[in-house]
Amino acid sequence: MSSALPHQPSVEYTPEKQTDVVIGGETHSDILQVLSSDTAQEIMATLKREPGTASDVATAIGQSIQNVTYHLDRLRDVDLVTPVGTWYSEKGKEMTVYALTIEELVVQFADSTHQEPERSPDRR
């Protein structure tokens, strides 16, 4: 029996081209700490290929959904991934679809004359 709910409709989302992280600047960034996890890096690599649910990512990287969800939450907290849609399981359960917020992450080391880069208004 087929479901009346869409299972995996296409997701239209375009990440920003680049985000700069300045180490030693006036504002502290937790991005590198979050990305120090191998699991977080695997999640980012998986989502670079295409958006997906926590379940999709967990299957792709061979981790538990709980572990992937934990790392997705941390990646969301530092604005590296974002929810971009909703898919439904075959049983009708709503599942959040995640995608990367950026294509490139540039790490810079600040000096005393360095100015913090401007961030878009919807970013922290």
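**View 1. Phenylalanine 109, an exposed residue.** At 67% relative accessibility, phenylalanine 109 counts as exposed, because that class starts at over 50%. The model shown here is predicted. Phenylalanine 109 belongs to strand 5, which covers residues 102-109. Together with Leu32 and Val107, Phe109 makes a nonpolar surface patch. The area of this patch is about 300 Å².

**View 2. The whole chain, element by element.** The protein has four helices and five strands. Read from the N terminus, their order is β-α-α-β-α-α-β-β-β. The chain has 124 residues, and 30% of them are buried. Among contacts between residues at least 6 apart in sequence, 65% join residues at least 24 apart.

**View 3. Confidence along the chain.** The average pLDDT of the protein is 79. A score of at least 70 is reached by 67% of the residues. Which elements have the lowest and the highest mean pLDDT? Strand 1, residues 16-23, has the lowest, at 62. Helix 4, residues 65-77, has the highest, at 97. Over residues 1-6 the pLDDT is below 50. Beyond near neighbours in sequence, that stretch has four contacts in the model. Where pLDDT is low, the predicted coordinates should not be read in detail.

View 4. Three strands form an open sheet, in the order 2-4-3. The pairing in this sheet is antiparallel. Strand 2 and strand 3 are the edge strands, and each pairs on one side only. Strand 4 spans residues 94-100 and is mostly covered. Of its seven residues, five are buried. In a regular strand the side chains alternate between the two faces of the sheet.

**View 5. Strand 2 against strand 4.** Strand 2 consists of residues 52-53. Two bridges pair strand 2 with strand 4 in the antiparallel sense. Which residue of strand 4 stands opposite threonine 53? The residue is valine 97.

View 6. Strand 3, residues 81-88, runs antiparallel to strand 4. How many bridges join the two? There are seven bridges between strand 3 and strand 4. Valine 81 has leucine 100 of strand 4 as its bridge partner. Proline 83 stands opposite tyrosine 98, also in strand 4. The two strands form a hairpin, with five residues between them. Glycine 92 sits in the turn and has a positive phi of about 90 degrees.

View 7. Aspartate 79 is in the loop between helix 4 and strand 3. Is aspartate 79 buried or exposed? At 16% relative accessibility, aspartate 79 counts as buried, because the buried class covers values under 20%. Its backbone deserves a look too. Aspartate 79 has a positive phi of about 60 degrees, although it is not a glycine. Most residues other than glycine have a negative phi.

**View 8. Serine 37, between two helices.** Serine 37 lies in the loop between helix 1 (31-35) and helix 2 (38-49). Why does serine 37 count as buried? Its relative accessibility is 15%, and the buried class means under 20%. Histidine 71 is 34 residues away from serine 37 in sequence. In space, the two are 8.6 Å apart, C-alpha to C-alpha.

**View 9. Threonine 69 in helix 4.** Threonine 69 lies in helix 4, the element with the highest mean pLDDT. With 30% relative accessibility, threonine 69 counts as partly exposed. Serine 55 and threonine 69 are 14 residues apart in sequence. From C-alpha to C-alpha, they are 8.8 Å apart in space.

Key. Residues are numbered from 1 along each chain as its sequence is written. This is a predicted model: local features need pLDDT of at least 70, side-chain atom pairs count only at pLDDT 80 or more; totals for chains, interfaces and linings use all residues. Side-chain values use heavy atoms; hydrogens and water are left out. Buried means under 20% relative accessible area, exposed over 50%, partly exposed in between (1.4 Å probe, protein chains only). Two strands pair if DSSP finds at least two bridges between them. Patches are made of residues with over 30% relative accessible area and no salt bridge: like charges are joined within 9 Å, nonpolar side chains (Val, Leu, Ile, Met, Phe, Trp, Tyr) within 5 Å. Accessible areas come from the Shrake-Rupley method with a 1.4 Å probe; for residues, only the protein chains shown count as cover. A salt bridge is a side-chain nitrogen of Lys or Arg within 4 Å of a carboxyl oxygen of Asp or Glu. pLDDT is the predictor's confidence in each residue, from 0 to 100. Contact means heavy atoms within 4.5 Å.
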